[in-house]
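Visitor: Please put the model on screen. Then walk me through it, cut-offs included.

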Amino acid sequence: MKLKAPARKPDIRAGARRPGQRNAIPGPSVWLAAPALAVFGAFAVLPLIGVVALSFTTWDGLGSPTWTGPSNWTRMLSDDRVLNSLWLTLRFVVVTWLVQTPVSLLLGVFMAGRQRYRAIYSVAFFVPILLSSAAIAIAFKAFFDPNFGLGHALDIAALNQDWLGSPNLALGVVVFVIAWQFVPFHSLLYQGGARQIPASLYEAAMLDGAGRIRQFFSITLPQLRYTIITSSTLIVVGTLTYFDLIFVLTGGGPGYATRILPLDMYLTGFKGWDMGGASVIGVILVSLGLAVSLLLNKASGATRMESQMEGV
């Protein structure tokens, strides 16, 4: 008598794959993204298409634009003022990142600790986030004034300088003021990331005799790599769009010392009545921001990101 093999019961466990089924992870419907995509298309893509079209026209803001072809691009890309603004913007992005990232990282990790005074310190430290850029610029403009500013009041020769009137010092002052305003925000990102690191990693490191510095470089820093990518992208893209604080603080001066591309775009379009040239600068800014963001994500391996949450 030939025994018949028992029929295999269907696997009804949640998440079990059927024969021939791909390794697809079920997720929310793509239609849930439709409202966000519609808003993005209406307020980002369509205006961008309009700016690109405007860069090929001559328009002073009144009347109708006149199609002139690539003459605006030729004129602006050969203008020493625009090239200086582009070089100044690249320097501004690099210096701002070098200043804000290490300071934000260390403060964020510190505030993720369990010190008793940490809560009070955190509340006081995040006050700059609540202030407007214009108010901050006016306050620091008064602080750095050589006639009645902080250096003059304290009678300290090293501080009593014309900080905003010197072409060699003005850009450094702008970087400092922007760091003062936005370091708390990026510290908040690092604080949240540091709190997600399992305590068991530090306990195992302490049993192996690792000190705080070794724990920071072997555990904290690698665990915060995705947070570093996020914060760096926000710093780089945000630096490319700074306008109000620099406009109030220096107005782009002295000379062209702080006239970065966003400010140059505004002054060209709304002070020089050259909307075509301003549109060229706007397209350059968008292209630069996209290129830097893609390069940053590609170089950091963000395209291979995987969720660190269990089951997600």
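Guide: First, a definition. Buried means under 20% relative accessible area, exposed means over 50%, and partly exposed lies in between (1.4 Å probe, protein chains only). This is a predicted model: local features need pLDDT of at least 70, side-chain atom pairs count only at pLDDT 80 or more, and totals for chains, interfaces and linings use all residues. Residues are numbered from 1 along each chain as its sequence is written, and side-chain values use heavy atoms, with hydrogens and water left out.

Visitor: Is Asp274 buried or exposed?
Guide: Asp274 has a relative accessibility of 18%. The limit for that class is under 20%. Asp274 therefore counts as buried.

Visitor: How many helices and strands are there in the protein?
Guide: Both are DSSP runs, numbered from the N terminus: helices are H or I with at least four residues, strands are E with at least two. The count is 14 helices and 2 strands.

Visitor: With which residue does Arg75 form a salt bridge?
Guide: A salt bridge here is a side-chain nitrogen of Lys or Arg within 4 Å of a carboxyl oxygen of Asp or Glu. For Arg75, the closest N and O atoms of the pair are 3.0 Å apart. The partner is Asp274.

Visitor: How many residues apart in sequence are the parts that Arg75 and Asp274 tie together?
Guide: Arg75 lies in helix 2 (residues 71-77). Asp274 lies in the loop between helix 13 (261-271) and helix 14 (275-299). The pair therefore ties together parts whose separation in sequence is 199 residues.

Visitor: Which residues are joined with Asp264 into one network?
Guide: Asp264 forms a salt bridge with Arg81, the closest N and O atoms being 3.2 Å apart. Arg259 also forms a salt bridge with Asp264, at 2.7 Å between the closest N and O atoms. Through shared partners, Asp264 is in one network with Arg81 and Arg259.

Visitor: Which residue has its backbone oxygen 2.5 Å from a polar atom of the Ser55 side chain?
Guide: Ser55 sits in the loop between helix 1 (34-54) and strand 1 (57-58). At 0% relative accessibility, Ser55 counts as buried. The backbone oxygen belongs to Val52.

Visitor: Which residues does Ser55 touch, not counting those up to four places away in sequence?
Guide: Contact means heavy atoms within 4.5 Å. By that rule, Ser55 touches Gly69, Asn72, Trp73, Gly276, Ser279 and Val280.

Visitor: Where do the buried residues of helix 6 pack?
Guide: The buried residues are Ser133, Ile136, Ala137 and Phe140. Seen down the axis, they fall within an arc of 100°, so they line one face of helix 6. The arc is that of the directions from the helix axis to the C-beta atoms. These buried residues pack against helix 5 (127-130), helix 8 (170-195) and helix 12 (244-249).

Visitor: What is the relative accessible area of Phe143?
Guide: Phe143 is in helix 6 (residues 133-143). Phe143 is partly exposed. Its relative accessible area is 44%.

Visitor: What share of the 312 residues of the protein count as buried?
Guide: The under 20% limit on relative accessible area applies again. The share of buried residues is 33%.

Terms used. Polar contact = N/O pair within 3.5 Å; in protein donor to acceptor, adjacent residues only side chain to side chain.
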